[in-house]
Amino acid sequence: MEWINILIQGALLGGIYALFAIGLSLSFGIMRLVNIAHGDLIVLSAYASLVVVDGTGVNPVTSLILVVPLMFAVGYALQRGLLNLTLSGGLLPPLLVTFGISIIIQNTLLQFFGAHTHRLQLGVIETQALRLPGGIAIGLYPLLVFVVALISIGGLQLLFYRTRLGRAFRAASDDADTAELMGIDNRHLYALALGIAMIFTALAGVLFAIRTNFDPASGPIRLILAFEAVIIGGLGSLWGTLLGGVILGLSQAVGAALSPTWQILAGHIAFLIILILRPSGLFPRTRD
Amino acid sequence: MPQPLEPIRVERATPASRAFAVGIVPGLIALAALPWWSDAGNMRLVAEMAYYLALAQLWNLLAGYAGLVSVGQQVYVGLGGYAFFYTTRALDLNVYLALPLAALFACVMAVPISFAVFRLRGAYFAVGTWVVSEAFMLGASLIEAVGAGSGLSLTPDIVRQISPDRGVRDTIIYLMSLGVSALVVGIVYLLLRSRHGLALTAIRDSEPASASLGVNTFRTKLAIYIITAACTGFIGGLIFLQKLRISPEAGFSINDWTVVVIFMVVIGGIGTIEGPFIGMLVYILLRELLADYGTVYLIVMGLIAVAVMLKAPGGLWGWIVQRYGLQLFPVSRRLASAPPSEAEQPSAH
């Protein structure tokens, strides 16, 4: 019974990892951009929420009303002002520019907020659990986060396959030049794409910061977890990413059950094993 | 009647490179003599500059030439450092034997690591190398034999092997840093002048084109990856010989061993031997100037690197080459028509 609880916990952990990964997956899927600053943008969202919560006294979830549009604007401006300039010059410019942005965000947060950890508080809901017969307990908050991940991915699927904007995204992803010939303004489209990616980044940042301590240096590990979920699931498939997150969460839960210090390492090892056995992930969609 | 073809020669050295080759000798002698005309503080700084230059050259070889943008080279600094500490402490190995063994260890470990990360391409390769380094950092913090989370220290007995006298010891370690740095620059220079260097330069300029002309890009890249791992491991051993203590966070630190190195190469000029020199000097200068403002120097380095990448992807050295056609390390070939005296026209490549 203990093991069933551990596995449920691990699978639900996959929800937050999938949320980490959605933004990364979107920007890669649409503009082939691997955003090294992704983890730091997650942490930036958490700090933005912290400022709103401290300033207005609302709870962190309500702060999303401000944080989501803010991060959308940050994403739009970042893509339009900086990253669009890097997309034609091969591999190095986008990689090194986002790498530079990552270090700038980390150290700017360090200057303003210091190195100590923060956490967002949501009250009793954080610790409540659904008790099922047979001693099975499901944490309410992780379950909610998982549902948010499901809704997010479902919503994105609708956006991609049922709307004009989604069609434009898919067109630009398949063949950016031809899409442009058909009258799509790629610069605006890409900026919108990173803006939308940042909506989910903001969501992920706030939801993770409610459960976990964060500090200015927390970004890189979020990027790595997001990246592992994307690669395990297979590039370009959002449901695959969710499954990648679940597999990562399960391996971490099993590792942590053996010894708490093994949690993150077990996730890395599972990732490396899958990488060696199935280099293109479990459900690949886009080719790179 | 057809015109006889003009005789052509392949030129490598330029006037600037010849002048540089002559000028560098007294400069190196002055640096090597530093322990006799300066203080311990400057010695430490120059030793640090020396190993950062070596790390920057190696990263540049990987990313600038072989197209392998690794964000995980700190894994080899850490592995080299740990191998050095473990072999000298637990196996009582002599310091001078333990350093090459650290290089060998990093080299051997690079084989299975490359097996995993070479399955990823481009930016995914970058993050993949980073994951590997994180895994080794977490692994090191679990293994009791290497001190787990708290790491290892060098005992006084071990450092006394170099010399019982502190001053002499510092001088020897300083000269070793300088020597390793010169050696790495030499290896990179000779490698780039060789056939393999030609292959590498071709890969740098266009990977598909070089492959279609018969360059075995996979094997070349793998060889470069393993060579840089070995050199990085040696430097790792040397760095932690100077620091006397190693811990998982310090040994596998991405900020210390990769982030600043990448900034150096990008700012100085990626894909050139001269670039890392300039980038390293810019880094040291900024860090010393902004020493009172915490990590502001990292923000400034990041801003400069982003601006360079967007506005002048060739870096500071690329800008100088474009303006003045200088080349200090003659690694490229230029066609020149005889007679030789007319061949001294500067050209961009």
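A nonpolar core is a set of buried Ala, Val, Leu, Ile, Met, Phe, Trp, Tyr and Cys residues joined through C-beta atoms within 7 Å. A residue is buried if 20 or more other C-beta atoms lie within 10 Å of its own, exposed if 12 or fewer, and partly exposed in between, with C-beta atoms placed from the backbone. The model is predicted: local features need pLDDT of at least 70, side-chain atom pairs count only at pLDDT 80 or more, and totals for chains, interfaces and linings use all residues. Residues are numbered from 1 along each chain as its sequence is written, while chains are lettered from A and ligands numbered from 1 in the order in which they are written.

The largest nonpolar core holds 207 residues. Within this core, Ala193(A) and Ala106(B) touch the most other members. Helix H8 (residues 186-211) of chain A gives the most to the core, with 19 residues. Helices (H or I, at least four residues) and strands (E, at least two) are DSSP runs, numbered from the N terminus. Contacts were assigned to residue pairs whose C-beta atoms, placed from the backbone, lie within 7 Å. Leaving aside residues up to four places away in sequence, Ala106(B) touches Tyr76(B), Leu79(B), Gly80(B), Ala229(B), Ala230(B), Thr232(B) and Gly233(B). In soluble globular proteins, nonpolar side chains tend to be buried together.

Chain A contains 11 helices and 2 strands. Its pattern along the sequence is α-α-α-α-β-β-α-α-α-α-α-α-α. The C-alpha trace of chain A spans about 60 × 45 × 35 Å along its principal axes. The radius of gyration (taken over C-alpha atoms) was compared with the globule rule, 2.2 Å times the number of residues to the power 0.38. For chain A the radius is 19 Å, which agrees with the value near 19 Å for a compact globule of 288 residues. Buried residues make up 52% of chain A. Among contacts in chain A between residues at least 6 apart in sequence, 74% join residues at least 24 apart.

The two strands of chain A pair, a term that requires at least two DSSP bridges between them. Strand E1 (residues 129-132) and strand E2 (residues 136-139) of chain A run antiparallel and are joined by 4 bridges. Leu130(A) stands opposite Ile138(A) in E2(A). E1(A) and E2(A) form a hairpin with 3 residues between them. In the turn, Gly134(A) has a positive phi of about 90 degrees.

Two loops of chain A were also examined. Arg32(A) lies in the loop between helix H1 (2-31) and helix H2 (38-56) of chain A. Its phi is near 55 degrees, a positive value in a residue other than glycine. Most residues other than glycine have a negative phi. Arg32(A) is partly exposed, because 17 other C-beta atoms lie within 10 Å. Pro260(A) is in the loop between helix H10 (238-258) and helix H11 (263-277) of chain A. Pro260(A) has 8 other C-beta atoms within 10 Å and is therefore exposed. The C-alpha atoms of Pro260(A) and Leu120(A) are separated by 23 Å, with the two residues 140 apart along the chain.

Chain B has 16 helices and 4 strands. Its radius of gyration is 21 Å, close to the 20 Å that the globule rule gives for 349 residues, so chain B is as compact as a globular protein of that length. The C-alpha atoms of chain B fill a box of roughly 80 × 50 × 40 Å along the principal axes. Buried residues account for 44% of chain B. Of the contacts in chain B with a separation of 6 or more, 75% involve residues 24 or more positions apart.

Helix H9 (residues 195-205) of chain B has Ala199(B), Leu200(B) and Ile203(B) buried. Seen down the axis of H9(B), the buried residues fall within an arc of 100 degrees, so they line one face of the helix. The arc is that of the directions from the helix axis to the C-beta atoms. The buried residues of H9(B) pack against helix H3 (40-65), helix H8 (166-193), helix H10 (207-212) and helix H11 (217-243) of chain B.

Ala148(B) is found in the loop between H6 and strand E2 (152-153) of chain B. Its phi is near 45 degrees, a positive value in a residue other than glycine. With 15 other C-beta atoms within 10 Å, Ala148(B) is partly exposed.

Key:
Contact = placed C-beta atoms within 7 Å.
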